[in-house]
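Thanks, everyone. Please have a look at the model on the screen, and then I'll walk you through it.

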Amino acid sequence: MSAALDRQIRPIYDALDTGSNKSAIVACNKLLKKHPKNALVQALKALALVRSQKVEEALALCDEVLESKPADDSTLNAMMHVLRGLGRHKDMVTMYEAAYKKQPANEELGAQTFFANVRASNWKSAQLLASKMYKQFQEERYLYWSVISSVLQAKDPNTSTEMRTLLYKLALRLITSAPSPSSIRSDRFHLHLTILRELAEYDEAFALLDTPAGQGICETNLACNEIRRDIMRLKGALEEEGKRAEQRILEKNDRNWLEFLSVVDGTFSPLLQNSAVDGVKEQCASKVSNTMALFTKISVEDGKKDRSGLLGLLELEDRSRKHDSTRLLTLLKHYYELFGDKACCFEDLKPYSDLEDQELASWSEILNTSPSSLSSVESVRRVINSHKLLRYNLSRSELTVEAECSRAELYIKQYQEGLLLGKDLPSTELQPVDDLAILAGSVFVNVWKMTGDIKFLYKAAVLLEFALAKSRQAFQMRLMLIRIYRLLGAPAVASDHYHLLRIKQVQNDTLSHFILSRCSTFSLAASGDLTFSSECLEASQIYISNSQETSDFVIRAFSAEKYSQIPEFIKFEDWLENSLQRDITKLEYLRMRVAHEAISSEIIDLELIELKFIFDRLHHDNRDFEILPNYQPRVVEDFNTQTLLFGKSEGHGWVWSLLKTYITAFSQASDLDDVVEEKLLVGDRPQVSDAAKRGTLKERLAERDEEELSELTTDELSLVSYADALAAWLEPFHDYVRPPASVVLAEAAKQTELKTGMPLRGVDTTPPNGSVKKEEDTPPITDAPEALQKFFENMKARFEVARKTTSPVEALHVATLTQEAFLLFVVETLRFKTASVVKIHKLGNLVTKFKPIRAVAVTVLRDMAAALEGISAQEGTSEKRREFIELSGLESLEFDHDFIMNIGKKVTDSRKKVQEGIAKGMSKLCSTYEQ
Amino acid sequence: MLLYFVLSSETWIFGQKHLDHVLQYNIGFYLHYLSRWPDLCCVQEAPRGRMMGYVIGKAEGQAAEWHGHVTAITVAPEYRRLSLARKMMNLLELVSNDIYRGFFVDLFVRCNNLVAIEMYEGMGYSVYRRVKEYYGNLGVGKGGRDEEDAFGMSALAVCLSGRQETEKVPLDMRKPLSRDSARRSVRNNGRDIIVSAHDVS
Ligand SMILES: CC(C)(COP(=O)(O)OP(=O)(O)OC[C@H]1O[C@@H](n2cnc3c(N)ncnc32)[C@H](O)[C@@H]1OP(=O)(O)O)[C@@H](O)C(=O)NCCC(=O)NCCS
């Protein structure tokens with residue numbers, strides 16, 4: 001490149017660096033006038049175009065550069081960013097491979113080609129390439145790259161079992177061919193052990209571990225040590241491992257809980273192997289007493305400093321319970337005495353305290369008689385722990401409304417008394433008594449569940465709001481409140497709390513279900529309020545940053561030879577990429593989108609492509625429900641289950657069910673078939689899960705599985721059956737009218753050319769000759785299935801029932817689903833709105849059959865809207881606020897009138913807004929699509 | 001139990017629970033550490049899988065300044081005073097000593113975090129210097145652009161993240177490792193030595 005040109009290009013980089021894509025494009029255009037074929041400038045322009053979302057233009061330029069087979073670093077680098085932006089990893093591989101072929105001595109280019117394969121998950125090519133590089137450049141690193149590529153290919157879910165073994169064998173052969181032993185670096189050693197473990201070569205693994213180098217690594221490297229433990233276990237060397245752990249505990253003062261577990265495992269190992277043989281039991285018993293002596297010694301030595309010894313005793317007792325039952329009680333008691341003033345005591349003891357009968361009575365006795373003083377933070381913790389432990393074991397007969405209410409009363413009383421302890425704490429600190437409020441809130445929710453009486457939810461809300469005001473950072477209370485407000489039909493109040501959690505990063509994946517689960521029930525999108533739609537978009541940002549950032553770190557881990565991390569990073573990337581919540585959010589967004597935007601073939605086409613990708617995914621559920629505190633007795637549902645909206649958690653089955661419904665409706669309404677879609681696709685096709693390969697799309701869509709459907713509410717189930725009936729009826733007519741692929745493609749090409757001035761890649765744009773109309777006759781016109789009108793009539797009846805229940809959300813659920821059914825009807829009949837289409841295809845008779853269905857739908861929706869408006873008129877009033885105060889029944893000196901009133905106001909105002917907005921939206925949709 | 005650090009939602013939740021600003025940073029922050037010093041990062045899990053605490057560290061420095069650094073350490077409030085921090089610090093020191101062969105371990109701590117300072121002193125750390133002022137943006141260090149600033153996260157920024165402006169006066173504390181048997185990396189009058197943020201890495 002000439003120095004002059006170089007000087008002119010620099011400002012383009014600067015513009016790109018500072019995000020001024022527009023000026024970058026201007027600068028490129030200027031240069032391209034003089035040097036129209038300069039690949040670097042073209043590539044930079046393509047990059048600026050991608051970054052300004054001008055995908056079509058970028059594609060055209062990008063193809064041109066690729067054709068020129070660039071080989072210089074700068075162009076390759078710019079193109080790498082372009083192709084990543086477009087999701088075209090395969091093209092990136094081709095590009096680098098061609099460049100590397102031209103300069104086979106260029107090691108850096110070799111590495112880049114390898115990384116391109118890594119980004120595309122082309123493990124096989126990556127492995128071959130790394131092997132080749134190893135031979136050529138004699139760097140051991142490349143040998144290891146080829147080893148881990150092989151391992152990663154084996155780990156790929158799409159690799160068959162036989163292939164997997166072969167790949168691990170290959171990896172083993174490669175790694176043992178290295179000139180230096182793997183133990184010179186812990187991450188190489190880790191990789192070596194992983195392979196041996198997979199191949200069940202435990203003895204060989206053990207031999208490696210038994211070398212001084214191997215022992216040294218395990219001493220300092222937790223990841224390697226974990227594999228070592230695993231291998232010892234698989235090898236059946238539990239006893240040996242137990243001895244080793246004992247030594248560590250005694251000699252090195254190691255207090256890692258895993259060592260204690262190893263000792264316990266070792267203690268019982270003879271039983272595992274041959275419990276039938278005489279003497280084994282005795283042998284075991286003597287080992288138990290040895291271990292007991294060891295742990296007792298440790299626990300006495302450590303006292304309150306470390307709980308490992310005592311926890312070890314509990315674990316030991318738990319596993320040998322058949323032999324002695326009073327000892328467990330003694331241990332529980334001892335633990336409670338020693339660590340009862342630590343907040344972790346309840347969680348520590350829970351696994352060991354599933355007790356019955358006499359034992360339970362004694363345990364409860366111990367807890368009941370424990371001091372109930374609230375004079376210090378420690379004593380408050382002890383009281384809280386005893387409440388939690390007692391509550392955990394409550395039996396059904398102890399769970400009467402009356403008994404529960406008196407428990408709540410006690411908790412509240414102690415809460416208020418104990419508040420004094422923290423009165424001088426800064427507002428950023430948690431109050432020591434917080435958990436007493438959480439306990440009382442849990443009791444109220446449980447009573448609501450038992451009685452269906454909404455006043456108990458009011459009580460829970462007031463109490464938790466009060467406690468939260470005293471302890472602003474008590475996020476668990478916020479989460480409980482979010483659930484409660486949604487049950488109360490007050491989504492805005494729930495959202496306020498959610499925002500105060502300041503959810504960040506990956507939490508958007510794990511926690512957004514708190515407000516996004518079935519949020520279309522509360523969405524006012526149809527009347528123009530996009531609050532929840534933007535909430536969905538915001539929560540989905542994390543998936544974009546994941547797909548852009550994470551693979552960079554995979555590459556870095558390769559460069560730094562941190563092999564132990566590579567599979568973890570890839571798993572992490574995959575879990576986010578294929579997150580279940582991601583697609584639950586997507587579906588909710590879509591349901592709101594069709595209510596908000598005019599339903600058109602553009603929207604249908606775009607959404608269809610995306611939904612089909614989702615349909616091929618193997619989802620991973622990252623949602624965190626554990627984060628909700630649960631202090632409900634073990635005989636009843638946990639707090640999470642109790643407070644799910646409509647009592648159902650949506651999971652894979654829910655996603656599949658709705659996906660099938662929408663994909664069916666959209667693919668009928670769309671002109672895109674698979675051929676067309678393939679041609680118009682911009683990026684690479686995402687990996688297809690195994691399940692997705694089992695049948696054709698059509699077959700898979702038609703499958704309705706009991707288990708999947710069981711995740712739906714009854715009303716959702718009605719919607720799905722209705723949609724199935726509608727689709728089955730209209731399918732032949734859609735297929736008949738849909739233009740052939742060649743016509744659709746020619747049209748798409750024309751549009752692209754109009755926009756970018758360049759032809760669409762790989763598409764023949766000559767219009768197909770002959771008439772477009774199909775040869776066959778119009779399929780026989782059939783009557784609409786009765787189920788369609790019936791659906792709307794049934795929903796009307798359901799609505800009447802729902803509005804009379806105590807639940808403020810059920811009517812909304814029925815109404816929004818009825819609206820959704822109507823919109824699906826609009827989608828399915830869109831094609832037949834064009835008069836010329838109906839005329840050419842002689843479908844006049846079909847279209848007349850739409851009318852009565854549409855009419856019923858509109859009538860039912862209008863009725864529901866009117867009813868909702870009526871209900872909403874009563875909300876937000878002073879009577880409702882007063883009612884809230886009365887029902888909550890908590891007004892007193894501490895819980896003052898205004899405080900409760902304010903909560904009541906928020907709740908009823910939010911309800912009003914939702915009911916009103918949904919009614920308005922429904923009326924609007926009726927007018928829009930009435931004809 | 002002491003486990004190597006794995007990326008998980010748990011880690012983020014933990015950050016949320018304990019108002020731990022470090023754990024709420026972007027994906028890049030973790031991945032950066034894990035792709036370079038996985039053995040200096042670990043978590044403590046309770047017997048039944050709850051996360052109790054974590055430490056994130058790195059190795060850095062030239063020649064006699066080559067050392068291990070504790071970027072962040074936190075134990076959940078309900079698990080404090082049970083020696084969890086001690087166990088994690090022991091591991092980090094062990095790895096810095098045996099694997100990285102560093103001369104010392106150091107860390108930054110806010111000067112008003114008395115609990116932590118006392119803990120470190122109990123473990124053999126001493127103040128090496130005080131950092132004078134901190135303007136929240138260490139964008140360009142002396143060696144040009146700091147790699148970690150790409151994530152808005154220099155080690156110093158981690159120590160100070162999410163705190164009040166007035167508290168932003170960190171101490172740099174050190175403990176010599178076996179390789180520094182002459183104890184050249186520490187000094188007695190550290191509290192009197194004041195340097196500006198640009199002079200620390
Ligand atoms: C500092 C922190 C990590 C300590 O964790 P920990 O697991 O409770 O500490 P350990 O139990 O291992 O304590 C080790 C020693 O430190 C000292 N120590 C710890 N916490 C103490 C406290 N609150 N008061 C007095 N001494 C304390 C004690 O000497 C203790 O030994 P001992 O229990 O035998 O007396 C924890 O309090 C924390 O997460 N704080 C918030 C985050 C933070 O400040 N991190 C440090 C930033 S640089």
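**A buried serine, a shared site and an interface**

I'll start with Ser182(A), which counts as buried because its relative accessibility is 6%. Buried here means under 20% relative accessible area, exposed means over 50%, and partly exposed is in between, with a 1.4 Å probe and protein chains only. Before going on, the ground rules. This is a predicted model: local features need pLDDT of at least 70, side-chain atom pairs count only at pLDDT 80 or more, and totals for chains, interfaces and linings use all residues. Residues are numbered from 1 along each chain as its sequence is written, chains are lettered from A and ligands numbered from 1 in the order in which they are written, and side-chain values use heavy atoms, with hydrogens and water left out.

Back to the serine. Ser182(A) sits in the loop between helix H10 (161-176) and helix H11 (186-198) of chain A. Helices (H or I, at least four residues) and strands (E, at least two) are DSSP runs, numbered from the N terminus. Which residues does Ser182(A) touch, leaving out those up to four places away in sequence? They are Tyr144(A), Arg188(A), Phe189(A) and His192(A). Contact means heavy atoms within 4.5 Å.

Ala200(A) is not a glycine, yet it has a positive phi of about 60°. Ala200(A) is in the loop between H11 and helix H12 (202-209). With a relative accessible area of 42%, Ala200(A) is partly exposed. Glu561(A), also not a glycine, has a positive phi of about 55°. Its loop runs between helix H30 (531-559) and helix H31 (566-577) of chain A. Glu561(A) counts as buried, at 7% relative accessibility.

Now the ligand. It is surrounded by 18 residues, and the closest are Lys305(A), Val75(B), Arg81(B), Ser83(B) and Asn113(B). Near means that a heavy atom of the residue lies within 4 Å. Why is the site shared between chains? Because residues from chains A and B surround the ligand.

By class, the shell has ten nonpolar, three polar and five charged residues. Nonpolar covers Ala, Val, Leu, Ile, Met, Phe, Trp, Tyr, Cys and Pro; charged covers Asp, Glu, Lys and Arg; the others, Gly among them, are polar. H4(B) gives the most to the shell, with four residues.

Polar contacts, meaning pairs of N or O atoms within 3.5 Å, include these. A backbone N or O atom of Ile73(B) is 2.9 Å from a ligand nitrogen atom. For Arg80(B), a polar side-chain atom lies 3.3 Å from a ligand oxygen atom. A polar backbone atom of Ser83(B) is 2.8 Å from an oxygen atom of the ligand. Taken alone, the ligand exposes 910 Å², and the protein buries 77% of that. Those accessible areas use the Shrake-Rupley method with a 1.4 Å probe.

Last, the interface. The contact takes 53 residues from chain A and 44 residues from chain B. About 4300 Å² is buried between the two chains, and carbon and sulfur atoms give 63% of it. Buried area is the accessible area (1.4 Å probe) that two parts lose on being put together, summed over both. In chain A, Thr220(A), Leu222(A) and Phe553(A) lose the most area to chain B, together 14% of what that side buries.

As for chain B itself, its secondary structure comes to five helices and ten strands. Buried residues make up 59% of its 201 residues.

Terms used:
A polar contact is a pair of N or O atoms within 3.5 Å; within protein, one must be able to donate a hydrogen and the other to accept it, and residues adjacent in sequence count only if both atoms are side-chain atoms.
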